[in-house]
Amino acid sequence: EVPRRISQARPARTRHQPQTHAMLAATAPAASAHAFPSRARAARRAIRLGTSPPGALGSTRRHRGVASRRAVAPTAAASDERVTVIGEALWDSLPQGLFLGGAPANVACHLNELGRSPTVVSRVGDDELGREVIRRLTNRGLDVSNVQVDDTGIPTGFVVVTMEGAMPSYDIVQPSAWDAMAVTDDLIEAATGAVVVYGSLAQRDERSASAIDAASKVASKRVFDINLRKPFIDKELCVRHARECWLLKLNDDELPEMYKWCGLEGVDASDVVAMACATRDALECDNLCVTRGGDGALLVASSGAVAQHPGFEVTAVDTVGAGDSFLATLLDSLLAGATPTAAVERACRVGAFVATQQGATPAHDAEAIDELQSK
């Protein structure tokens with residue numbers, strides 16, 4: 001169940017800082033739109049009022065990670081492999097309010113819900129929104145010792161999300177602090193010997209691209225969620241990071257692109273399994289996963305086995321973060337030694353639940369997740 005489908009969303013537009021305020025005002029709840037002359041002021045107002053939905057900026061609801069583990073715990077004992085996620089941590093401005101976001105930060109929050117303790121590597125501005133990112137991640141029980149604070153005046157990352165039904169499109173502000181991640185001794189230490197999870201968007205700037213490259217080179221396993229966002233698409237970079245990674249995640253719009261970038265041809269685009277297998281072989285990656293929106297997902301495993309799931313019957317409310325929860329759950333399951341079939345089913349189940357919630361990182365509701373019915 002899940003991911004944001006590029007074909008159904010407008011391309012992400014590069015925005016410069018002065019325009020952020022107008023975008024936020026245009027998408028904020030009508031009752032408070034007039035009170036958003038700046039991002040910092042918006043943060044202060046949301047925190048002061050405390051009226052945001054659960055998970056949004058200003059909400060103090062605690063997350064029920066223990067309950068979620070009971071709901072979807074794998075049968076195999078969880079591994080003790082360290083996980084480090086690196087990339088963008090930012091605020092998503094949705095019509096319902098401001099929500100903590102950024103694919104890597106979302107993955108970290110969902111891993112935490114599943115009982116793991118990932119380290120977050122990112123960069124925020126020396127501003128109120130940045131301090132709130134750190135506070136929120138800390139309250140989720142995440143290690144934020146490698147969240148850098150920018151000292152050059154670059155603000156915390158910010159994205160205006162416009163919903164068309166349950167499908168999001170993105171206006172990504174540039175520059176953002178996560179564009180300027182620095183290679184530090186602490187970053188290298190956090191990544192060395194760890195399972196490192198990252199994507200392509202945070203590599204749009206050479207500074208953060210260098211940080212991610214350095215982290216990937218010392219990882220025990222690399223997990224690459226391509227997560228294409230126009231106009232920030234670099235096919236050579238994507239192929240390089242996909243090659244020989246331990247887990248590659250694509251959606252069904254991204255798979256044909258990667259297939260072509262590998263110089264492959266001859267497989268009909270409708271034959272997703274054949275295309276996925278050919279792409280995995282060409283890239284020599286261990287595991288390749290393809291998410292298929294409401295039609296579930298498939299996994300070509302390191303053994304060569306192909307596992308598929310048709311998805312779950314849900315009414316999607318907000319698909320932002322659903323793909324990230326899918327990836328977190330798939331990774332958690334595979335590291336725990338689950339079979340490909342069990343791993344895909346479990347990931348689809350959690351992703352489907354998240355699509356029924358507001359915001360990218362809702363608490364996992366054990367009962368609701370268990371009650372979902374497969375198609």
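User: Is Tyr 198 buried or exposed?
Analyst: In this predicted model, local features need pLDDT of at least 70 and side-chain atom pairs count only at pLDDT 80 or more, while totals for chains, interfaces and linings use all residues. Residues are numbered from 1 along each chain as its sequence is written, and side-chain values use heavy atoms, with hydrogens and water left out. Buried means under 20% relative accessible area, exposed over 50% and partly exposed in between, with a 1.4 Å probe and protein chains only. Tyr 198 has 1% relative accessibility, so Tyr 198 counts as buried.

User: Which residue forms an aromatic pair with Tyr 198, tilted at 40° between the planes?
Analyst: Rings of Phe, Tyr and Trp (its six-membered ring) pair if their centres lie within 6.5 Å; planes under 30 degrees apart count as stacked, over 60 as edge-to-face and the rest as tilted. The structure holds 1 aromatic pair. Its centres are 5.4 Å apart, and the partner of Tyr 198 is Phe 224.

User: How many residues apart in sequence are the parts that this pair ties together?
Analyst: Helices (H or I, at least four residues) and strands (E, at least two) are DSSP runs, numbered from the N terminus. Phe 224 is buried at 0% relative accessibility. Tyr 198 lies in strand S9 (residues 195–199) and Phe 224 in strand S10 (residues 221–225), so the separation is 26 residues.

User: Are H11 and H12 roughly parallel or roughly antiparallel to each other?
Analyst: Axes are lines fitted to C-alpha atoms, for helices over the stretch in contact, and angles run from 0 to 180 degrees between N-to-C directions. Angles under 35 degrees count as roughly parallel, over 145 as roughly antiparallel, 65 to 115 as roughly perpendicular and the rest as oblique. Helix H11 (residues 322–335) and helix H12 (residues 340–355) pack at about 150°, their axes 8 Å apart. The two helices are therefore roughly antiparallel.

User: Which residues does Ser 208 touch, leaving out those up to four places away in sequence?
Analyst: Ser 208 lies in helix H7 (residues 206–217) and is buried, with a relative accessible area of 0%. Contact means heavy atoms within 4.5 Å. By that criterion Ser 208 touches Trp 178, Asp 179, Ala 180, Met 181 and Ala 202.

User: What percentage of the residues of the protein count as buried?
Analyst: The secondary structure comes to 13 helices and 14 strands. Of the 375 residues, the part that counts as buried is 59%.
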